[in-house]
Amino acid sequence: MTYAIRAEGLVKRFGETRALDGVSLAVPPGRVLGVLGPNGAGKTTTVRVLATLIRPDAGTAEVGGHDVVREGHRVRRLIGLTGQYAGVDEMLTGTENLMLIGRLLGLSRAGARARAAELLRRFELWDARDRAAKTFSGGMRRRLDLAASLVGHPSILYLDEPTTGLDPRSRNGLWDMVRGLAEDGVTVLLTTQYLEEADQLADEIVVIDHGRVIAEGTSDQLKAQTGGQVLELRPVHEAEVDKAALVVAELLGSAPEVNQGLLTVPVGDSRAMPAVVRALDDAGVAVGELSLRKASLDEVFFALTGNRERTGSPAADEGREEASV
Ligand SMILES: Nc1ncnc2c1ncn2[C@@H]1O[C@H](COP(=O)(O)OP(=O)(O)OP(=O)(O)O)[C@@H](O)[C@H]1O
Ligand SMILES: [Mg+2]
């Protein structure tokens, strides 16, 4: 078995919506794959197919070497899933929630209790173990969710937006927990809307949008692909904005965005800055403001979806407002 998870051309339709439009991905054992994408990209649908909760309309997927459609029962023995929406029973305590799952998985009462205690300690929920889950904070629920998905010692774990809604401290704590699991050799597929999260946790990243993989690679590769830095400049004279845009476009090979006299363009490295200054000087354009800054997460994502736009995908403009990565 070369891959713990391997999907090939997954298609899933819901009525008119093509939630998945040919998603392929592969995760070697013990690695963390980040699936990054905006709202509605198809992240949860991908996870649900890989978790055998829904069947793909086309394409194949193997998890732990087993086909998710034909050998779903085998796949289910290997996986753990932390869904996007909390899956714990509100009325039960932390201990009861985890024990219930242990019992469902066939553990003895004592075995289920021991496993619950171990996980409650590990996820810093020990002090809250006898409280109903409805009294937990968002971060505590997320940890209980994660603990619940680990009761059966899965070797492959799906985490669907595990940190959405968490404050930075809770998020860091959860990141540490995911890192710990990866160190223990668990294969993790993690969906997220946050580039930084994929950056922190994932060995490899696939970016999906409109049910398609639009970019993949390591975080460094993706950043290099999208420039990673942004040059901003403002000509002193408003009348020279168009001319400046032309000069910059010619030099860098991509047209800057122009917004109220401010030109913004992604650049590959900081050497672009003096080159731009020289070119504008040569063209006689006086520059008022000039700055180089790191690309925001929005811009990295925007650059990625922009690539696809140039290849002429018809769906390119839909959901643009939702692309709040
Ligand atoms: N059960 C369903 N019935 C109808 N449409 C669905 C269903 N599940 C998903 N979709 C649609 O499929 C597309 C992909 O949805 P999915 O939940 O996979 O996105 P996502 O990437 O997880 O988004 P989010 O970041 O908001 O969780 C969306 O357009 C969604 O509306
Ligand atoms: Mg989702």
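Analyst: The charged end of Arg129 sits over the ring of Trp126, 3.9 Å from the ring centre. This is a predicted model, in which local features need pLDDT of at least 70, side-chain atom pairs count only at pLDDT 80 or more, and totals for chains, interfaces and linings use all residues. Side-chain values use heavy atoms, without hydrogens and water.

User: How do you know that the span of helix H4 agrees with its number of residues?

Analyst: Helices are DSSP runs (H or I, at least four residues), numbered from the N terminus. The expected span is 1.5 Å times one less than the number of residues. The 14 residues of H4 (109–122) should therefore span 20 Å, and its end C-alpha atoms are 20 Å apart.

User: Which residues of H4 are called buried, and what covers them?

Analyst: Buried means under 20% relative accessible area (1.4 Å probe, protein chains only). In H4, Ala112, Arg115, Ala116, Ala117, Leu119 and Leu120 are buried. Their cover includes helices H3 (94–104) and H5 (138–150).

User: Which residues does Leu98 contact beyond its neighbours within four places in sequence?

Analyst: Contact means heavy atoms within 4.5 Å. With those neighbours left aside, the contacts of Leu98 include Ala116, Leu119, Leu120 and Leu144.

Definitions and conventions
Residues are numbered from 1 along each chain as its sequence is written. Chains are lettered from A and ligands numbered from 1 in the order in which they are written. A charge sits over a ring if NZ of Lys or CZ of Arg is within 6 Å of the ring centre and within 35 degrees of the ring normal. Helices (H or I, at least four residues) and strands (E, at least two) are DSSP runs, numbered from the N terminus. Buried means under 20% relative accessible area, exposed over 50%, partly exposed in between (1.4 Å probe, protein chains only).
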